[in-house]
Amino acid sequence: LFAVSTAVPNEHSCSWSYGNLHWDLTPLIQHVPPDYSLTRGAWRFDMNVCANTNRIPPACKSEYGETARLAPGYQTLMKDGETACYYMGNVNTAVWGLLDENKPEDGVKLTYSAGTKCDGSTGRSME
């Protein structure tokens with residue numbers, strides 16, 4: 001008998017090639033806390049590169065309890081008793097692309113989609 005894992009992968013390949021150009025973002029993966037974060041007003045954004053974050057933000061634990069899940073990024077709010085948690089994509093949806101198709105040497109972008117719905121139908125994404 002073979003055990004089949006149903007676990008969601010926590011990270012994916014972190015390199016990409018286009019023609020003779022190659023990018024490797026592996027050194028940017030945060031394997032231990034803290035994750036990358038920034039704050040804009042009352043909103044906090046936590047994220048990782050090529051992997052889920054190392055921890056689920058407190059706002060998400062508060063909002064979703066035991067069903068809170070890991071994601072490559074979150075948009076959260078905890079202010080004056082108000083709590084909000086939005087998943088900013090799913091690590092399994094990673095798509096690589098060029099910053100500028102006309103100038104590939106300018107670099108790459110990595111996009112995650114299928115996050116929390118923001119208008120009832122469109123999932124949040126992170127690029």
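**Disulfides, cores and a pocket in a predicted model**

A disulfide (a pair of cysteine sulfur atoms within 2.5 Å) joins C14 to C50, with an S to S distance of 2.0 Å. The structure is a predicted model, in which local features need pLDDT of at least 70, side-chain atom pairs count only at pLDDT 80 or more, and totals for chains, interfaces and linings use all residues. Residues are numbered from 1 along each chain as its sequence is written, and side-chain values use heavy atoms, with hydrogens and water left out.

The torsion about the S-S bond of C14 and C50 is about 70 degrees, so this disulfide is right-handed. The bond ties together distant parts of the chain, 36 residues apart: C14 sits in the segment before β1 (15–18), while C50 belongs to the loop between β4 (43–47) and α1 (58–64). Here helices (H or I, at least four residues) and strands (E, at least two) are DSSP runs, numbered from the N terminus. Both C14 and C50 are buried; buried means under 20% relative accessible area, exposed means over 50%, and partly exposed lies in between (1.4 Å probe, protein chains only).

The count of disulfides comes to 2. In the other bond, C60 pairs with C85, and their sulfur atoms are 1.9 Å apart. This link is right-handed too, with 85 degrees about the S-S bond of C60 and C85. Distant parts of the chain are again linked, since C60 lies in helix α1 and C85 in strand β6 (residues 82–87), 25 residues apart. Both C60 and C85 are buried. With the bonded cysteines numbered in sequence order, the pairing reads 1-2, 3-4. C118 takes part in no disulfide, and the nearest cysteine sulfur, that of C85, is 14 Å away. C118 is partly exposed, with a relative accessible area of 47%.

In soluble globular proteins, nonpolar side chains tend to be buried together. A nonpolar core is taken here as a set of buried Ala, Val, Leu, Ile, Met, Phe, Trp, Tyr and Cys residues joined through side-chain atoms within 4.5 Å. The largest nonpolar core has 14 residues, and those touching the most other members are C14, I29, C50, W96, L110 and Y112. Strands β7 (95–98) and β8 (108–111) each supply at least two residues of this core. A second, separate core of 7 residues includes I56, A71, C85 and Y87.

Leaving aside neighbours within four places in sequence, W96 is in contact (heavy atoms within 4.5 Å) with S13, C14, S15, W16, L25, C50, V108, K109 and L110. V108, in strand β8, counts as buried at 17% relative accessibility. With the sequence neighbours within four places again left out, V108 is in contact with W16, W23, W96, G97, L98 and L99.

The largest pocket holds about 180 Å³ of space. A pocket is found on a 1 Å grid over the protein atoms alone, as an open set of points where a 1.4 Å probe fits, with protein on both sides within 12 Å along at least five of seven lines; lining residues have an atom within 4 Å of a point. Grid points are joined across faces, edges and corners, and the volume is the space filled by probe spheres set on the points. Of the 13 lining residues, N48, V49, L110, Y112 and E127 are the closest to the centre of the pocket. Strand β8 gives the largest share of the lining, 3 residues. By class, the lining has 10 nonpolar, 1 polar and 2 charged residues, where Ala, Val, Leu, Ile, Met, Phe, Trp, Tyr, Cys and Pro count as nonpolar, Asp, Glu, Lys and Arg as charged, and the others, Gly among them, as polar.

Some backbone details complete the picture. Most residues other than glycine have a negative phi, and most peptide bonds are trans. The peptide bond from P33 to P34 is cis, with omega near 5 degrees, and P34 is found in the loop between β2 (21–24) and β3 (36–40). D80, although not a glycine, has a positive phi of about 50 degrees. D80 lies in the loop between β5 (73–79) and β6 and counts as exposed at 77% relative accessibility. A114 likewise has a positive phi, near 70 degrees; A114 lies in the segment after β8 and is partly exposed, with a relative accessible area of 45%.
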